[in-house]
Amino acid sequence: MSDIEYKIHCGTPMVATIMFSGAEYYCVICGETQGIFGPAETVPETQELIDGAERNDKLFKQAAGDLIPMGAMFPNCEQCRKEQHGNHASQEDLKKSDEAHKLLANGILREPQNATN
Ligand SMILES: [Zn+2]
Ligand SMILES: [Zn+2]
């Protein structure tokens, strides 16, 4: 037995991420973000949770691929030595980041019929 624990939201493990400032966990179903001490239920590891967490992680990486996190400074970007990347990214990159942000905010796996707004 392992003592690894998972944060559960909408019945599925939340993804651990550094993409959002002040929120280290993300729910792929509803888009909820929470910090380490957020109210999400914490449960011990099971094989089902391991599989779910792996799937959620992949989904998140795909969806967040173009996201430029707030205040991000990339080590391989020359201009990032002076200011955050969002200040000098190209319009196209910012648009892609914006789209990724919207997708993430709505929840990657949200059922279309549940999206009432
Ligand atoms: Zn959720
Ligand atoms: Zn940069």
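A residue is called buried if 20 or more other C-beta atoms lie within 10 Å of its own, exposed if 12 or fewer, and partly exposed in between, with C-beta atoms placed from the backbone. T42 has 11 C-beta neighbours inside 10 Å, so it counts as exposed. It sits in strand β6, residues 41-44. Setting aside residues up to four places away in sequence, T42 touches E5 and K7; contact here means that the C-beta atoms of two residues, placed from the backbone, lie within 7 Å. T42 and H9 are 33 residues apart along the chain, and their C-alpha atoms are separated by 9.3 Å.

## What you're looking at

This is a predicted model, in which local features need pLDDT of at least 70 and side-chain atom pairs count only at pLDDT 80 or more, while totals for chains, interfaces and linings use all residues. Residues are numbered from 1 along each chain as its sequence is written, and chains are lettered from A and ligands numbered from 1 in the order in which they are written.

The protein chain has two helices and six strands. Helices (H or I, at least four residues) and strands (E, at least two) are DSSP runs, numbered from the N terminus. Read from that end, the order is β-β-β-β-β-β-α-α. The C-alpha atoms fill a box of roughly 45 × 35 × 20 Å along the principal axes. Of the 117 residues, 17% count as buried. Take the contacts with a separation of 6 or more: 57% of them are between residues 24 or more positions apart.

One open sheet has the strand order β2-β1-β6, with antiparallel pairing. Two strands pair if DSSP finds at least two bridges between them. The edge strands here are β2 and β6, each pairing on one side only. Four bridges join β1 to β6, and Y6 stands opposite V43 in β6. Between β1 (5-9) and β2 there's a loop that holds C10. Phi of C10 is near 55°, a positive value in a residue other than glycine. With 16 other C-beta atoms within 10 Å, C10 is partly exposed.

The other open sheet runs β3-β4-β5, again with antiparallel pairing. Because β3 (15-20) and β5 (33-34) stand at the edges with a single partner strand each, one side of each is left without a neighbour in the sheet. β3 and β4 pair over three bridges, and F20 has A23 in β4 as its bridge partner. Their hairpin has two residues between the strands, and G22 takes a positive phi near 80° there. β4 and β5 are joined by two bridges, with Y26 opposite T33 in β5. This second hairpin has six residues between its strands, and G31 in the turn has a positive phi of about 85°.

## The helices

For α2, 16 residues should span 22 Å, and the end C-alpha atoms are 23 Å apart, which agrees. Just after α2, G107 takes a positive phi of about 95°.

## The nonpolar core

Which residues make up the largest nonpolar core? There are eleven: M14, V15, Y25, Y26, C27, V28, F60, A63, A64, L67 and L104. A nonpolar core is a set of buried Ala, Val, Leu, Ile, Met, Phe, Trp, Tyr and Cys residues joined through C-beta atoms within 7 Å. The elements that give two or more residues to this core are β4 (23-26) and α1 (47-63). Leaving aside neighbours within four places in sequence, L67 is in contact with M19, S97, A100 and H101.

Technical notes
The expected span of a helix is 1.5 Å times one less than its number of residues.
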